[in-house]
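Let's take a walk through this one together, a piece at a time. Keep the picture open beside the text and follow along.

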Amino acid sequence: MPPASDTPAFGLSRRERILDELRRTGSVRVADLAAQFGVSDLTIRRDIGHLADRGLLTRVHGGATLRSSLDTTVPAAASGIRFRVGMVVPSLSYYWPHVIIGARAAATELGVQLVLRGASYAVADQRRQIDALAAAGEVHGLIVAPETSGADGRALLYRLETLATPVVLVERRAPTALALPSLECITTDHVFGGALAADHLAARGHRRIGIITSSGSPTSLPLRHGWNRAVADLGLECVVDVDAALDDPSSTSRESVIVSILEQCRATGTTALLIHNDPQAVMLEQYAIDHGWSIPGDLAIIAYDDEVASSGTPPITALRPPKQHIGRLAVEMMVERLTGGPDLPVRRTSVLPVLHPRESTATP
């Protein structure tokens, strides 16, 4: 039986870390990587050889250098690259890094070179990054997470629909009312997530509950749809309902908003909250405990995203979207589109989030 570090799963993770190090520094040495990862020089050389065969780096004496995504000196067939795919995400610091990791893993396996661009949640910035990739004519398809609401969001979706290259939306869905027949998507079923949270609380005896969502987040609306439906079906009462930006560092009123939420909970007998996102949940939990609340004795908390919820004190129960799997499926969907052609039916696929119970909702 091979050691754990030589299993396929470990090898894939290690190669992704090698690529991450290359993107950060531009070059790596075999001896340094072997020491960093706790494996032999031979294992690292094999990893580098595997990545070089796919055209993702260039082998040099004692290490490797990063091959530019715009380097066309090596034919795609010779380098192992079948397609170049642009990927535009609205953040490189929260939620999206896990999606990117999954996309990179699938890209490595399928001979895809990802050209990654980080944008912001501003529609103008997203359009600028998308247009730059499309205008260059060097990508076969685009994986994007655009804003979809409002007039600007709708205009951006219409723009994506008219591109000559196929487009896969990731964690975004084109509104049915727009009738855009070409845009494919892979998303987390946040509606189901909201229902799952309400069901979890009901099973623990909570009857008067509340929801706090993150202002401007595209996740908030479908999360609320599922939550409200389940609350009605289960005969619960949602007596605290707030849309806020508690994790905004520029906000001068977030403490007063937290105080107001806790006062509402106390006044209405609310015993549990669903909070999107993790930073908002951790912030409210910390403030409540600092001011004499018992978690979960006085107030149970569920977070949505599961980025840092497990680091709360106590650890916070959280719903986790399958972020890495979403990234992987987006690349797989793109490759199937590029190889299957226009006759392949357009797909819009949802994947369920998973609930991770922790101490913040344990029965007192």
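Start with helix H8 and helix H9, where H8 passes H9 in a right-handed crossing. This is a predicted model, so keep that in mind as you go. H8 covers residues 190-203 and H9 covers residues 220-234. Their axes sit 6 Å apart and the two helices pack at an angle of about 40°. An angle of that kind is neither roughly parallel nor roughly perpendicular, so H8 and H9 count as oblique to each other.

Who does the touching here? From H8 come His-190, Val-191, Gly-193, Gly-194, Ala-195, Ala-197, Ala-198, Asp-199, Leu-201 and Ala-202. H9 answers with Pro-222, Leu-223, His-225, Gly-226, Trp-227, Arg-229, Ala-230, Val-231 and Leu-234. Sort the contact of H8 with H9 by class and you get 12 nonpolar, five polar and two charged residues.

Next, a pair with another geometry. Helix H10 (residues 254-268) and helix H11 (residues 278-290) have axes that come within 10 Å and cross at roughly 70°. H10 is therefore roughly perpendicular to H11. Their crossing is right-handed. On the H10 side, the contact uses Arg-254, Glu-255, Ile-258, Val-259, Ile-261 and Leu-262, while H11 brings Met-283, Leu-284, Tyr-287 and Ala-288. The class count for H10 with H11 is eight nonpolar, no polar and two charged residues.

Now find helix H6 (residues 123-136) and helix H7 (residues 150-162). Are they roughly parallel or roughly perpendicular? Their axes come within 10 Å and cross at roughly 10°, and that makes H6 roughly parallel to H7. Val-123, Gln-126, Arg-127, Ile-130 and Asp-131 of H6 make the contact with Asp-152, Gly-153, Ala-155, Leu-156, Arg-159 and Leu-160 of H7. The residues in the contact of H6 with H7 split into five nonpolar, two polar and four charged.

H5 takes up residues 96-110, which is 15 residues, and reaches 21 Å from its first C-alpha to its last. That is close to the 21 Å expected at 1.5 Å a residue. Which of its residues are buried? In H5 they are Trp-96, Val-99, Ile-100, Gly-102, Ala-103, Arg-104, Ala-105, Ala-106, Ala-107 and Thr-108. After H5 comes Gly-111, with a positive phi near 75°.

One of those buried residues, Trp-96, turns up again among the partners of Arg-172. Look for Arg-172 in the loop between strand S7 (167-170) and strand S8 (184-188). Is it buried or exposed? Arg-172 has a relative accessible area of 6%, and the cut-off for buried is under 20%, so Arg-172 counts as buried. Leaving aside residues up to four places away in sequence, Arg-172 touches Pro-90, Trp-96, Tyr-121, Ala-145, Pro-146, Glu-147, Thr-148, Cys-185, Thr-187 and Pro-218. The C-alpha atom of Arg-172 is also 8.4 Å from that of Val-144, and these two residues are 28 apart along the chain.

Glu-171 belongs to the loop between S7 and S8 as well. Although it is not a glycine, Glu-171 has a positive phi of about 55°. Its relative accessible area is 8%, so Glu-171 is buried. Why stop at a detail like that? Most residues other than glycine have a negative phi, and most peptide bonds are trans.

Asp-305, in the loop between S12 and S13, is not a glycine either, yet has a positive phi of about 130°. With a relative accessible area of 3%, Asp-305 is buried. Pro-314 lies in the loop between S12 and strand S13 (317-320) too, and a cis peptide bond joins Thr-313 to Pro-314, with omega about 0°. Another cis peptide bond links Ile-295 and Pro-296, with omega about 10°. Pro-296 is placed in the loop between H11 and strand S12 (300-304).

Finally, step back and take in the whole chain. The protein has 12 helices and 15 strands. Of its 364 residues, 49% are buried. Take the contacts between residues at least 6 apart in sequence: 71% of them join residues at least 24 apart.

How values were computed
Residues numbered from 1 in each chain as written. Predicted model: local features only at pLDDT ≥ 70, side-chain atom pairs only at ≥ 80, totals over all residues. Heavy atoms only, no water. Axes fitted to C-alpha atoms, helices over the stretch in contact; angles between N-to-C directions. Helix = DSSP H or I, 4+ residues; strand = E, 2+ residues; numbered from the N terminus. Parallel < 35°, antiparallel > 145°, perpendicular 65-115°, else oblique. Left-handed = near helix turned anticlockwise from the far one by under 90°. Contact = heavy atoms within 4.5 Å. Nonpolar A, V, L, I, M, F, W, Y, C, P; charged D, E, K, R; others polar. Expected span 1.5 Å × (residues − 1). Buried < 20%, exposed > 50% of the residue type's maximum accessible area, 1.4 Å probe, protein only.
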